[in-house]
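I opened this one to see how the chains are put together. My notes are below, in the order I looked things up.

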Protein chains: 4
Amino acid sequence: MTIRVGVIGCGYWGPNLIRNVFQMKGAEMAMAADLDAGRLEHISGLYPSVHTTTDYKEIIDSPDIDAVMVATPVATHHRFASEALRAGKHVYVEKPLARSVAEVEDLVELAEGNDRVLMVGHTFLYTGAVEKMKALIDDGELGALQYIRTMRVNLGLFQKDINVLWDLAPHDLSIILYLTGKLPRFVSASGKGHVSDVEDVASIYLEFDDGLVAYVFSSWLDPHKQRYTTIVGDKKMLVYDDVEPQEKLRIYDRGVEKPAYYDTYGDFAFSYRYGDIVTPMLKNEEPLRALTRHFVECCETGRQPLTGGDDGLTVVRILEATSRSLAAGGAKVEVSWEGKPLKVVAPPSAA
Amino acid sequence: MTIRVGVIGCGYWGPNLIRNVFQMKGAEMAMAADLDAGRLEHISGLYPSVHTTTDYKEIIDSPDIDAVMVATPVATHHRFASEALRAGKHVYVEKPLARSVAEVEDLVELAEGNDRVLMVGHTFLYTGAVEKMKALIDDGELGALQYIRTMRVNLGLFQKDINVLWDLAPHDLSIILYLTGKLPRFVSASGKGHVSDVEDVASIYLEFDDGLVAYVFSSWLDPHKQRYTTIVGDKKMLVYDDVEPQEKLRIYDRGVEKPAYYDTYGDFAFSYRYGDIVTPMLKNEEPLRALTRHFVECCETGRQPLTGGDDGLTVVRILEATSRSLAAGGAKVEVSWEGKPLKVVAPPSAA
Amino acid sequence: MTIRVGVIGCGYWGPNLIRNVFQMKGAEMAMAADLDAGRLEHISGLYPSVHTTTDYKEIIDSPDIDAVMVATPVATHHRFASEALRAGKHVYVEKPLARSVAEVEDLVELAEGNDRVLMVGHTFLYTGAVEKMKALIDDGELGALQYIRTMRVNLGLFQKDINVLWDLAPHDLSIILYLTGKLPRFVSASGKGHVSDVEDVASIYLEFDDGLVAYVFSSWLDPHKQRYTTIVGDKKMLVYDDVEPQEKLRIYDRGVEKPAYYDTYGDFAFSYRYGDIVTPMLKNEEPLRALTRHFVECCETGRQPLTGGDDGLTVVRILEATSRSLAAGGAKVEVSWEGKPLKVVAPPSAA
Amino acid sequence: MTIRVGVIGCGYWGPNLIRNVFQMKGAEMAMAADLDAGRLEHISGLYPSVHTTTDYKEIIDSPDIDAVMVATPVATHHRFASEALRAGKHVYVEKPLARSVAEVEDLVELAEGNDRVLMVGHTFLYTGAVEKMKALIDDGELGALQYIRTMRVNLGLFQKDINVLWDLAPHDLSIILYLTGKLPRFVSASGKGHVSDVEDVASIYLEFDDGLVAYVFSSWLDPHKQRYTTIVGDKKMLVYDDVEPQEKLRIYDRGVEKPAYYDTYGDFAFSYRYGDIVTPMLKNEEPLRALTRHFVECCETGRQPLTGGDDGLTVVRILEATSRSLAAGGAKVEVSWEGKPLKVVAPPSAA
């Protein structure tokens, strides 16, 4: 059985999807749509066998297409995905799944109603590093999780229809939710648009019921690219540096704090490290390839994806809370997990 | 003229002061006090000529002492510093200068009233890196400052009488204030104590009147030491990584954002860098030596220190605002710069 | 005009060629040959339109093939390349071009006689880093070149038919020859096989007529991958670290040596750096894509490639000298550049 | 019992000795000699209690001095050390111990004849990293050692009376000899002086009887400081990077070589790493302090130092062989370990 795939959107990210589908066993990279004829020509040059079109409807309407992958601006995710689901296609959508909880809920319902796969591009859950971290945490190696910090910054690639949190934080949020298996109770966010009105630097603070807290930092305005996650448990600690080409993950012994007296500057400068560090070997595969394979398998078997519509919903629910918090000047917002609307938690008066 | 120095506190940081004073031309490292006889014995072993005592009063009362350096827990800063100022000594105090605005104001007044030097240990202002950054910013190389981010994290050295912001953030705040020459209007803070009730991981968000924002992150719970500052202007950007042994400062061309289409994973993985980077040569001296020399010079000449009582006051004013914000669940707090009390700015209702 | 390409060898490196040809405008990835049917099946899965065969003769004999790319073990390079040239194909061969000067000379002659392109895979000459270094050197930025050092080490990928110098050093030698525009007069080599009889760790020392010397170090036995080149001129110095994902090239001011007195360990530990460093922006393209495009252009236009048969010959001439030196226990060997045979230069007796 | 120490030479390295002796329990930093009155004034400023003199004879002749530490140019080591030993002092000498085997043998004899301690400044044997490596090797963790590579390069600090090998390689040689417990049979060296006639870039190749080989690279002409040692055993491998401020030592699993097929550039770029890496916690003390303490203890107890005269002799014997090899155009030289003179091993004719 071969899954015939149509890709909508051939801009920044689409070609990566096309390349992976093209090379995937069990899949046929059949059609690609984009409004820009130049992009389509580029795709045709790379993959002459792919049928290209400026009318995405061709993909939706084609009886030869089993699955649609959407790599367009977020504002259009719901439209393309819902039409494809209604047409009986399996659907994959880039992160974030859509621009509101309501839109995502609609997609989830459509997928269930039509018994189709709905998958979202939380790509990092398909990396060897996250896989290894998940195993370590589930095995209790880290002990009780206390605090998580993520840093996803670089220069440029400004989006126009979403702010930096909606653009970059889905990766961090999906990683945090997957690794901890927990939902945050409170969310607050700060941020500002320096280049335009759209926030280009922003931060999220998440509080969980059991005392775990997490910080997520996103920026399009940093000169030095960082992809950095710290996970602190009461037994061990992890640092996952995705920018490192070879040694992405480090496991730190918590170690014992010793009284520190320094008589020389040298001693002082070299201090602050206790316990061994282990850098485990990781699976070495392009994450998008693992993701594509998983999508194709889910289409074949009807299996629920690792990053399905519900996961996309969870992330968008948190993102919506961050927007509420930003609009409220950084106020703490309680995230509703029961279908209730989000509400702002007024901080106690401190005066 | 030789400045005869007494040091109160020979624990973690005191020996660094003692060593620098001992080696400083124009200064005599005369007396050292600590409650712990073992520490004093250690100091005597290193510097036999230094008179040691478990009674700090000996230093205060000695007519042979011109200047007192205080390296004790923060709770005692005001007591030792005020007694020394009253006794007509010049005074240097480790950061933060004291534990409240009121205490600091008292010290500032005492210093003025007695015409004595009052200096605070905002050590990083004496580094070659900060000196270079100041020059670059003042020369307009960076253009208008947009956003600053600092990261000061490591494992351990938990303090008992102050939280992690009072312990580590004075460095970042003093750097930010010095480099920008601006005072923040609003401050909000988040944080939590994971090891005890005292916050050991916390973050500050600062808003300035002209649109500049700054993020300060402090942690005692991170396995990998970081001392990282990013300063973004609309012309150029700086990254100051104090953990780097040789190349601490980088100046990034802002560069132009180009449309980015990636057909291969490799292209994607190596992307996100535009423009040249310059790593300037920096003055290479132990910061505490430059600081000590400056203190001795100020004592000799009566000159106002680069990091005087007013600077200590500014930092403590912000720290007090962060404590207010933390107590108010992260609420935005307006920092008073007119002698008025701090007040919490209730975030607008978002419901 | 479309260049129709056949690739012989689908093992370790062949798929990279196939992928690049497949995506190259002006080229058609037509046929692929390998003895291993499993590899061919893999290629077919990735690129269904490519005709695969276990008989390379099909490629040689096909009138539809304009150019042949050879990515097989070195021992077979001459056979495949010479047959292809005789059949009137343009030919690209992985480095080293062949296993002896005689073989390479034969290929060069065949290419000239048949008026065909002969190109060798000195891939690094197609990187942005080498391009930039060449421009800097040609512009006189570095001054007179004094010394070059290269380090190309990693764990594994042991070859059976050639030693580590023949495997890895072609990259370094081609870079050195290209950047300097000079030929070495003397070569000596040391090395040893630790895993088998084939040298897996080895080093070359090259002496040029004008006093320039170069060290090339190659290893299959190092746990930490390094791709590191240092180029020292009497004005400036370059470091090219190809393992760095983002900042591969650094330009160092030579600086002035200052008298160095260190009173503290810290000063000492942080010393040894004079002058600014510039990290220039580099072209960011997969080198093999630039190489493939160049090959296709040369086939179209008949233009001489940047890395043609003569360049392959120069490198193999040096490699042959290293083998002579290794066999002679590290003796210095004069490299013949006039068609004369290599001869060992007996070192003066030192006893 | 207090060991009263005189230091001869207060230039580049002397102040580090003085500082450590000054702070060492059981030692008294009594006298310091230098020809340069300015240097002495500097020392007096730092340590007023130290008696300074421009006449080293004062130290030799003083009955109050138990031990002499020599930190002068190599050409004078033998003179100062032999006079001190004859005067009944214990002696410590910076590396290399002296400028010839004959000189060192004389010192060793004098020390034995006078029953005095003779110690040489092979400082790195007092680091936590070397201590840990020694334990790992002795415990068999690495298996049989196959190959060692060291890199000690930086810009400047050119010496006039010795070449770069005599200056820098003693550290590497002493580390190699200590860790392996083996003596090399053959030595060859290459090198050249680019700034003056004195070799400022040079390399040594050492062959041991059991098949172990070692490469030592020394340079005063490299813009980027490196202090890098790789040790390859047939079970595990070590990398010791002394420039790293926090994580100096890494232990690599040898891992199994897997067949490597790469379909994407990204896979290729991120390849070449098999097995876990462990970064062990190391003792964190200034090496020179540990060395100074050891010297004082040896003076007190008469115990043989870890880096005694014999170790200095071994290193100088190898250095002398490298000079012989350099003079012979890189010829292989057999190192004599039986008191026999060094002889050049003429490489077999390769013509």
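These entries go from overall shape to domains to cores.

Entry 1, shape. I'm working from a predicted model here. I checked the dimensions of chain A, and its C-alpha trace spans about 75 × 50 × 40 Å along the principal axes. I counted 10 helices and 16 strands in chain A.

Entry 2, packing. Buried residues come to 59% of the 351 in chain A. I then took the contacts in chain A with a separation of 6 or more, and 65% of them link residues 24 or more positions apart.

Where does chain A divide? I got domain 1 as 3-121 + 287-306 and domain 2 as 125-286 + 317-333. Their centres, over C-alpha atoms, are 29 Å apart. The contact uses 15 residues of domain 1 and 12 residues of domain 2. On the domain 1 side, helix 9 (residues 287-301) gives the largest share, 6 residues. That side of domain 1 has 10 nonpolar, 2 polar and 3 charged residues.

Which residues touch the most other members of the largest nonpolar core? I found A:V7, A:I18, A:V70, B:V7, B:I18 and B:V70, in a core of 234 residues. I followed up B:V70: beyond its neighbours within four places in sequence, its contacts include B:I8, B:F80, B:V91 and B:V93. A second, separate core has 233 residues, among them C:L313, D:I137, D:M237 and D:L326.

Conventions: Residues numbered from 1 in each chain as written. Chains lettered and ligands numbered in written order. Predicted model: local features only at pLDDT ≥ 70, side-chain atom pairs only at ≥ 80, totals over all residues. Domains from an automatic or database assignment. Contact = placed C-beta atoms within 7 Å. Helix = DSSP H or I, 4+ residues; strand = E, 2+ residues; numbered from the N terminus. Nonpolar A, V, L, I, M, F, W, Y, C, P; charged D, E, K, R; others polar. Core = buried A, V, L, I, M, F, W, Y, C linked by C-beta atoms within 7 Å. Buried ≥ 20, exposed ≤ 12 C-beta atoms within 10 Å, placed from the backbone.
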